[in-house]
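Please look over the model before reading on.

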Amino acid sequence: MSVTCPYCQQSAVLVTAADIGVEDRANRPYWRCKPCGAYIACYAGTETPLGPLADESLREAQHLARVAFRAFKEKNLFTKGEAFQALAKKLHMSPREVDFNHFDINTCLRVTKVLSNRREHVCPQ
């Protein structure tokens with residue numbers, strides 16, 4: 001399998017979590033672009049990436065979207081499936097399209113906005 005960085009178009013390499021300085025209790029491999037530092041974890045037991053490589057800005061946006069999602073789920077006493085269905089409806093997506101690892105920065109900002117009822121700020125692309 002080959003993975004290409006969406007930022008610099010260089011080939012990514014398989015590394016360990018320790019190689020990139022993250023804690024991963026599942027001990028999964030990661031794909032990392034050495035020139036620009038973007039990375040993504042793999043599905044457990046595979047070398048298949050969870051999504052496209054993400055740079056620091058995208059990883060932070062995805063983290064904030066996940067935090068908003070967890071708060072939304074807990075506040076509404078939803079199961080995880082119910083919360084994904086509700087988020088999909090709010091984003092006008094199918095539940096299968098709701099995958100934080102595939103969200104770009106603007107979609108992460110939309111998630112944070114719709115789940116926290118704050119004003120949306122969209123980054124130019």
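This is a predicted model: local features need pLDDT of at least 70, side-chain atom pairs count only at pLDDT 80 or more; totals for chains, interfaces and linings use all residues.

Residues are numbered from 1 along each chain as its sequence is written, and side-chain values use heavy atoms, with hydrogens and water left out.

**Overall fold**

- The protein chain has four helices and three strands. Helices (H or I, at least four residues) and strands (E, at least two) are DSSP runs, numbered from the N terminus.
- Along the sequence, the pattern reads β-α-β-β-α-α-α.
- The C-alpha trace spans about 40 × 35 × 25 Å along its principal axes.
- Of the 125 residues, 36% count as buried. Buried means under 20% relative accessible area, exposed over 50%, and partly exposed in between (1.4 Å probe, protein chains only).
- Among contacts with a separation of 6 or more, 35% join residues 24 or more positions apart. Contact means heavy atoms within 4.5 Å.

**Helix 2 with helix 3**

- The axes of helix 2 (residues 56–75) and helix 3 (residues 80–91) come within 10 Å and cross at roughly 115°. Axes are lines fitted to C-alpha atoms, for helices over the stretch in contact, and angles run from 0 to 180 degrees between N-to-C directions.
- The two helices are therefore roughly perpendicular to each other. Angles under 35 degrees count as roughly parallel, over 145 as roughly antiparallel, 65 to 115 as roughly perpendicular and the rest as oblique.
- Ala, Val, Leu, Ile, Met, Phe, Trp, Tyr, Cys and Pro count as nonpolar, Asp, Glu, Lys and Arg as charged, and the others, Gly among them, as polar.

**Helix 3 with helix 4**

- Helix 3 and helix 4 pack at about 105°, with axes 10 Å apart. They are therefore roughly perpendicular to each other.
- From helix 3, Leu87, Lys90 and Leu91 meet Arg110, Val111, Val114 and Leu115 in helix 4.
- Five nonpolar, no polar and two charged residues make up this contact of helix 3 with helix 4.

**Helix 2 with helix 4**

- The axes of helix 2 and helix 4 come within 9 Å and cross at roughly 25°. That makes helix 2 roughly parallel to helix 4.
- The contact of helix 2 with helix 4 divides into eleven nonpolar, three polar and no charged residues.

**Nonpolar cores**

- The largest nonpolar core has 20 residues, of which Phe69, Leu87, Phe100, Phe103, Val111 and Leu115 touch the most other members. A nonpolar core is a set of buried Ala, Val, Leu, Ile, Met, Phe, Trp, Tyr and Cys residues joined through side-chain atoms within 4.5 Å.
- Helix 2, helix 3 and helix 4 (105–116) each give two or more residues to this core.
- Beyond neighbours within four places in sequence, Phe69 is in contact with Lys80, Ala83, Phe84, Leu87, Phe100 and Leu115.
- A second, separate core of 16 residues includes Val3, Tyr39, Ile40 and Leu50.

**Positive phi in loops**

- Leu77 lies in the loop between helix 2 and helix 3, with phi near 55°. At 75% relative accessibility, Leu77 counts as exposed.
- His92 lies in the loop between helix 3 and helix 4, with phi near 60°. At 73% relative accessibility, His92 counts as exposed.
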